[in-house]
Amino acid sequence: MTDPYLENIARVTRRQLFGSAASGVGLAALASLTGTSSVNANEKGLPGLPHFAPKAKRVVVLWQGGGPSHVDLFDEKPVMQEMKGKDIPDSVRGTTRLSTMSSGYGKWPCQPAIKPFKKYGEAGISLSEMLPNVGSIADDICLVRSMYTEAVNHAPGVTFFMTGAQTPGRPSMGAWLSYGLGSDSENLPAFVVMTSSDKAKTCGQLFFDYYWGSGFLPSRYQGVRFRNSGDLVPYLANPPGVSSEARRALLDDISSINAAHLADYGDPEIDTRIAQYEMAFRMQTSVPDLVDFSGETKATLERYGEDALVKGTFANNCLIARRLLERGVRFVQLMHAGWDQHGNLFTQLEQQCRDTEGPSAALVKDLKERGMLDDTLVVWGGEFGRTPFGQGDPTNPKGRDHFGKAYSWWMAGGGVKRGTVYGATDDFGWNITSNPVHVHDMQATILHLCGIDHTRLTFRYQGRQYRLTDIHGEVVPGIVA
């Protein structure tokens with residue numbers, strides 16, 4: 001029979017081991033509590049990172065949920081106009097995996113772009129006339145026309161780019177960067193997420209927490225979601241009758257208890273709890289300042305569009321994103337739903353462009369004017385593109401289905417080549433004909449621009465080393481300046 005006394009001795013010994021381990025989480029928490037360091041060791045990132053001089057110090061991802069149509073917006077195909085209504089040849093379609101909504105079709109009517117294309121900038125990049133504002137920054141962007149993914153449905157596709165796997169459970173890109181590089185802001189989180197949707201709410205796609213989750217990393221690295229209604233961050237304000245001094249004293253007492261618990265057990269989630277309490281206290285001042293737009297010029301607000309000050313819109317989120325980046329936030333993830341045009345391509349796509357392409361371009365221009373674009377990486381894209389064939393009645397199609405075999409993204413700033421087009425597709429925008437860029441390749445390239453060798457930023461979990469790119473991915477030199 002086991003002696004309970006000896007069991008307790010062994011448990012206490014393990015507590016002491018975890019509490020004094022080389023990770024130093026206990027010491028980091030104590031330093032935070034005693035005021036000897038306003039940013040603890042974990043918030044400074046891992047030793048030895050970045051691996052080399054970064055081109056980008058911060059990243060903003062302008063995520064366009066639902067799948068923006070590459071053949072309507074970014075990849076001009078005159079042959080498709082000639083072939084309108086005719087079946088896309090079997091030799092082009094091959095054995096491409098499609099969603100269950102269209103995989104059983106007997107006809108594949110070619111659906112050309114719904115609006116004409118134009119040449120923009122000195123670079124002469126061809127874009128839809130629905131993208132005049134993106135066209136105005138054509139000489140600052142790198143347009144990638146050769147993205148591809150294995151995902152055929154929304155949630156797996158978004159999860160694939162954000163976490164490196166189609167199934168939930170792994171850390172998101174922002175969490176990896178926060179873990180590896182730490183934070184440059186004492187008063188705001190390193191990783192912030194904001195969401196929005198098309199005004200007509202035509203897109204039913206949901207934004208799941210694991211799109212910005214920390215997975216198996218300590219939860220302190222997960223994205224902090226700012227709400228699009230009510231208080232930006234709930235529960236920051238002191239309750240009625242509670243002064244700032246009283247709240248500070250309460251937090252000190254709670255932190256002392258948590259620090260003692262941390263020393264006993266060494267659980268990183270206790271360290272997370274301490275950090276979250278401290279960050280919430282500091283955000284009581286930083287968040288109200290963040291959304292005080294009184295100092296913004298009229299010209300700046302007009303640039304972001306009529307919705308610039310309308311809470312919860314993509315335009316407002318873009319404006320807040322610039323202010324977050326100015327204040328040292330490392331990774332900002334804006335997620336906008338509305339690009340899933342299965343049956344309303346001819347009405348909704350243009351509206352979606354009006355809501356989003358102006359603020360996207362405004363953010364790039366704003367960063368450039370403030371001298372921040374060179375070291376801020378802006379990424380614009382979605383989980384896949386749309387089918388070159390029309391969806392619905394083959395004689396009168398109204399939309400396009402999901403399509404991951406080839407699609408387009410654009411990037412700006414942060415060390416990418418300016419005024420360039422990378423990759424190409426065939427006459428139907430179906431097959432990539434040069435310089436394919438897989439999801440893992442794009443992840444590797446983004447990390448590279450941030451000064452990280454994607455094969456060396458790892459975390460041991462369940463017996464093996466994991467990384468954002470899993471066991472895949474190559475940096476794309478043709479994108480890097």
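These notebook entries record what I looked up in a predicted model.

**Conventions.** I number residues from 1 along each chain as its sequence is written, and I use heavy atoms for side-chain values, leaving out hydrogens and water. In this predicted model, local features need pLDDT of at least 70 and side-chain atom pairs count only at pLDDT 80 or more, while totals for chains, interfaces and linings use all residues.

**Helix α12.** I find 12 of the 13 residues buried, so α12 is largely enclosed by the rest of the structure. Buried means under 20% relative accessible area with a 1.4 Å probe, protein chains only. Among the buried residues are Asn316, Asn317, Arg322 and Arg323. Gly328 follows α12 with a positive phi, near 95°.

**Cores.** I then turned to the nonpolar cores (sets of buried Ala, Val, Leu, Ile, Met, Phe, Trp, Tyr and Cys residues joined through side-chain atoms within 4.5 Å). The largest has 53 residues, and Met442 and Ile479 are among those with the most contacts inside it. Helix α8, residues 173-181, gives the most to this core, with six residues. Apart from it I note another core of 52 residues, including Phe314 and Ala321.

**Met442 and Thr445.** Beyond four places in sequence, Met442 is in contact (heavy atoms within 4.5 Å) with residues including Val144, Phe161, Met411 and Ile479. Thr445 lies in helix α14, residues 439-449, and counts as buried because its relative accessibility is 0%.

Key
Helices (H or I, at least four residues) and strands (E, at least two) are DSSP runs, numbered from the N terminus. Buried means under 20% relative accessible area, exposed over 50%, partly exposed in between (1.4 Å probe, protein chains only).
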